[in-house]
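The following exercises ask the reader to work through one protein model step by step. Each task is followed by a worked solution.

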Amino acid sequence: MSERKLENKTAWVTGSSRGIGRVVADHLASLGAKVAVHGTSPTSTRAFNEAESLEAVARAIADNHGGDVLPVWGDLTDADTVKQIAQKIRDSFGRIDILVNCAGGDIGSRGTAGENAGKPPSNDAIFISLEDIRAVLDRNIMTCILCCREVAPEMMERRSGCIVNIGSGSGLYGHVGEAIYGVAKAAVHEYTRCLAAQLRAHNVHANVVSPGPIITPRFEASRPIDESKKIKDGTLERYGWPIEIAKTVAFLVTQDSSFITGQVLRVDGGNQIWPA
């Protein structure tokens, strides 16, 4: 059987200029998908020195896999921008079969240029600033909702499509640090369940991938790192790697998961084992 399970499919991966999203986009392209890679700006790739530009990311993925890759950019917290980006993808590829909402992160109002790679300085439930609260909620839950609202109707009409929203283990338990980020990701989880319930009758899948700690350039720039956990096998008591998220996303957007929807799938090496 061909490994190009996504031949003739179009995938839009938001937040794919760098980090986990970039690896997801690359992996879906390796399976034959036409891919739209997205960043907030044409040079958002430079934040942690992952590429010179979004165009360069698109070229690299296309060269790696011989497929069609379209760079798109814009602020996904703005509904009009979301519509414009989606239309550009449709104009280039005809339709959107797969939406992966990877845009997000515990990034406050100062953006990634802020201290600790943009983490809000008071990152708790009480003393975090209102500006940072709004930034974190907009970046995580509003981008997810606006993109789903834009893409789901065409999937409903075709009675075919897959949506994967990237959640977080932080959205599955109470904690002091990253409190508003945890709230935002918990909202992503619940929104996806509600979305899946609505899309079920239309044969459209909606699921969440909930990563644990995953090694990316921003992850390393934003917190102390346990170097002993930067290994790739031999134990599950380690950090995860972006390709492990990408492979899980791929599972959820192919026929391998044809009877799965409305689920929050933790990819964390068993860091959380209690019921979700």
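This is a predicted model: local features need pLDDT of at least 70, side-chain atom pairs count only at pLDDT 80 or more; totals for chains, interfaces and linings use all residues.

**Exercise 1: a strand and its partners**

Residues are numbered from 1 along each chain as its sequence is written, and side-chain values use heavy atoms, with hydrogens and water left out.

Task: Determine which strands pair with E6 and in which sense.

Solution. Step 1: helices (H or I, at least four residues) and strands (E, at least two) are DSSP runs, numbered from the N terminus, and two strands pair if DSSP finds at least two bridges between them. Step 2: E6 and strand E7 (residues 264-267) are joined by 4 bridges in the parallel sense. Step 3: strand E5 (residues 162-166) also pairs with E6 in the parallel sense, over 5 bridges. Here Cys 162 stands opposite His 205. Step 4: from E5 the chain passes through helix H5 (residues 179-199) to E6, a β-α-β crossover that is right-handed (with the strands pointing away from the viewer, the path from the first strand over the helix to the second runs clockwise).

**Exercise 2: the nonpolar core**

Task: Identify the residues that touch the most other members of the largest nonpolar core.

Solution. Step 1: a nonpolar core is a set of buried Ala, Val, Leu, Ile, Met, Phe, Trp, Tyr and Cys residues joined through side-chain atoms within 4.5 Å. Step 2: the largest core has 34 residues, and Leu 28 and Val 249 touch the most other members. Step 3: elements that each supply at least two residues of this core include helix H1 (19-30), E5 and helix H7 (242-252). Step 4: leaving aside neighbours within four places in sequence, the contacts of Leu 28 (heavy atoms within 4.5 Å) include Val 13, Val 35, Val 100 and Ala 250. Step 5: a second, separate core of 29 residues includes Phe 93 and Met 155.

**Exercise 3: aromatic pairs**

Task: Find how many aromatic pairs the whole structure holds, and describe them.

Solution. Step 1: rings of Phe, Tyr and Trp (its six-membered ring) pair if their centres lie within 6.5 Å; planes under 30 degrees apart count as stacked, over 60 as edge-to-face and the rest as tilted. Step 2: the search finds 2 pairs. Step 3: Tyr 173 and Trp 274 are edge-to-face, 6.5 Å centre to centre with 75° between the planes. They lie 101 residues apart, Tyr 173 in the loop between E5 and H5 and Trp 274 in the segment after E7. Tyr 173 is partly exposed at 41% relative accessible area, and Trp 274 is partly exposed at 40%. Step 4: Phe 219 and Tyr 239 have ring centres 5.4 Å apart and planes at 75°, so this pair is edge-to-face. Both Phe 219 and Tyr 239 are buried.

Note on methods
Buried means under 20% relative accessible area, exposed over 50%, partly exposed in between (1.4 Å probe, protein chains only).
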